[in-house]
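Subject: Handing over the structure

Hi,

Here is the structure I promised to pass on to you. Have a look at it first, and then read on for my notes.

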Amino acid sequence: MKIKEEKIKELIAQIETILEAIRLAEPEYKNLLEQVDPAYSKSARNLVHYNTFRTFDLRTTQKRLKNIGLTRLSKAGGHLKSSLLKTRYILYSLLGKPPIPADKAGLSIKNGKRLLTRNTKELLGYRSKGRRVRIMVTQPTEASSDYKIVHDMVGNGMNCARINCAHDDKEVWTKIIANIKKASKAHGKQVKIAMDLSGPKIRTGSITPGPKVRKFTPDRDDSGNIISPAELIFVPEVTEDSEPNTVPIPLEWLKKLNLGDELRLADTRNKLRRLKVVSVEEQQVQAHCYETSYIGTGTIIQSKDGTLENIVVGELPPIEQYILLRTGDLLTITKADTAGNPAKFDEDGNLMESANISCQLPEVFERVKKDEEVLFDDGKIEGRIEAVFNDRFEVRITRAKEKGSKLKAEKGMNFPNTDLGISGLTSKDKEDLEFVAKHADIVNFSFVNSKKDVEELLAELKKWKVANKLSIILKIETKAAFDNLVEILLTAMQVKYIGVMIARGDLAVETGWDSIGKVQEEILSICEAAHIPVVWATQVLENFAKKGLPSRAEITDATASLKAECVMLNKGSYINEVLQLLNNILSNMERFHNKNDAMLPKMEKA
């Protein structure tokens, strides 16, 4: 009994130490706490309490509390002080002593949950029937012209539509928003509109373009016999988004073609090729070819019987090029906005010139230092800076695929060990913010790293007179943002309503693949303490959205989003099928999970 009493007294002492630390911490945050909106006053204090609470190593205390049947405090984040005081009360009762007079208890469990529920509804709108977790969907360009896509998204459970200002323009955004509002009205639902500010682009620059040529090859069996001919589609114009088997031909000439017409051309290798027209429509003509053909801009096509004038193939997009990098290679990153090139070798295979590519953000060159790490294309390629010059720096590749990794233009670059000192708001963001303030419900703030970035955004919102009208979602996508998260949230709490997006792709690259699991759990915990809704983002069911079939890992990941208040989907050809599946997963699994709480419904057979 004496041992048990000693253990209980030790637990009481530990809890009282934590309570005293919490009391002393509040004055340190006085300036930030005084500036928060009244709607967040209790939440802000609870966040400060939780942040202090987590400076202790509580594992031994948790085990001891569990052994005597008490709370381990692992789920007390949303109502911390109240849980500590109640636990202390019970421990004193176990000793048979009258509990000491209680301080103000703070938020109760019920009130903490009510605050999160209120904040989620205000930020993300009403939940769908039978589902607590909202679904946010990134809108494709086609949503501006194809109303049915948007109509089906709303019908299949989309609660919030996301428009990325890094793509398209104001004309396209306006049309997308009109279709969202039209579909919302048709379904009798409220769909919030969120718009992402692009943020600074730390991406690779252009690469010298390849030839403007397309290759057409018939399908053959293992013996080399033709199974089906190469299929060419003649159309008036070809863009980068056109199908890979399209060839641009003037519409006037297309209209003169008839079913069965035979055509001839000399391809880019000067090989004679024969084509046969097999289908004729108003805007396109389909032809077959039974030999491999390389057709490029300027290739001349003629009719076999000479009844039609010769015609020249129009502008084809150049073949996208890449730089092949292997472990040990040297890559030069240039400041000048010039096209990059692969490494050059002499006839004996000796390196004459290392590969080079530009970085789209000039400010990077003022901050990088020797031996700092550089990551390319979501961490697929890793390197370390060997030398820094005014107009360039040299990177030694430390990790790539065994046979080499392809680095293309417009791929992300991360500097996890470098203080880039870059503001989250660019001149483009400030220009776009005028449109966002007029048309959106939420602004998604990219590349936020510090409270200073938040202050800059709040100043812009006040300029457009939308502070407390336009909600904010803070995208946590860098190591600095994670490290400064508490101050970022307390600063953002000056206005209502706010949320956090865990941008797991960039965040995983920045913090390391071995740390992203821990980091995302910590973000969820911090936001729960602040009663701030979280958006679970990046590559959720992405394979399904793009290819039509989910992986087992994707299903598990989608289920993990139950810890958040919203899950974000990226665009893809199968997005409505993804919505249907995700809606079912979330609705079914919420019987077993209420945020972090495991629920126990009656067990049923599969």
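Below is what turned up, starting with the whole chain and then going through a few regions.

Please keep in mind that this is a predicted model. The protein has 606 residues, and 48% of them count as buried. Its C-alpha atoms fill a box of roughly 110 × 60 × 55 Å along the principal axes. The secondary structure comes to 18 helices and 31 strands.

Strand 1 (residues 134-138) runs parallel to strand 29 and is joined to it by four bridges. Strand 28 (residues 534-537) is also parallel to strand 29, with two bridges between them.

Next, the salt bridges. The structure holds 30 of them. In one, the side chains of Glu565 and Arg132 meet at 3.5 Å, N to O. This pair links distant parts of the chain, 433 residues apart: Glu565 sits in the loop between helix 17 (552-560) and strand 29, and Arg132 in the loop between helix 6 (109-124) and strand 1. Both Glu565 and Arg132 are buried.

Asp557 pairs with Arg504, and their closest N and O atoms are 2.7 Å apart. Asp557 lies in helix 17 and Arg504 in helix 14 (residues 504-511), so the pair ties together parts that are 53 residues apart in sequence. Asp557 and Arg504 are both buried. There is also a network, in which salt bridges with shared partners join Arg162, Asp196 and Lys475.

For a contrast, look at Lys175 and Glu171, whose side chains meet in a salt bridge at 3.5 Å, N to O. These two are four residues apart in helix 8, so about one helical turn separates them. Lys175 is partly exposed, because its relative accessible area is 41%, and Glu171 counts as exposed at 52%.

Elsewhere, you will find an open sheet of seven strands in the order 8-7-11-10-9-13-14, with mixed pairing. Strand 8 (246-248) and strand 14 (311-312) stand at the edges with a single partner strand each, so one side of each has no neighbour in the sheet. Within this sheet, strand 7 (residues 230-235) and strand 11 (residues 285-289) run antiparallel and are joined by five bridges. Leu232 has Ala287 as its bridge partner in strand 11.

Last, the surface. Ile68, Tyr89, Ile90 and Leu94 form a nonpolar patch there, with about 350 Å² of accessible area together. Leu94 is found in helix 5 (residues 80-94), and at 42% relative accessibility it counts as partly exposed.

Enjoy exploring, and write back whenever you like.

Best wishes

Notes:
Residues are numbered from 1 along each chain as its sequence is written. This is a predicted model: local features need pLDDT of at least 70, side-chain atom pairs count only at pLDDT 80 or more; totals for chains, interfaces and linings use all residues. Side-chain values use heavy atoms; hydrogens and water are left out. Two strands pair if DSSP finds at least two bridges between them. Patches are made of residues with over 30% relative accessible area and no salt bridge: like charges are joined within 9 Å, nonpolar side chains (Val, Leu, Ile, Met, Phe, Trp, Tyr) within 5 Å. Accessible areas come from the Shrake-Rupley method with a 1.4 Å probe; for residues, only the protein chains shown count as cover. A salt bridge is a side-chain nitrogen of Lys or Arg within 4 Å of a carboxyl oxygen of Asp or Glu. Buried means under 20% relative accessible area, exposed over 50%, partly exposed in between (1.4 Å probe, protein chains only).
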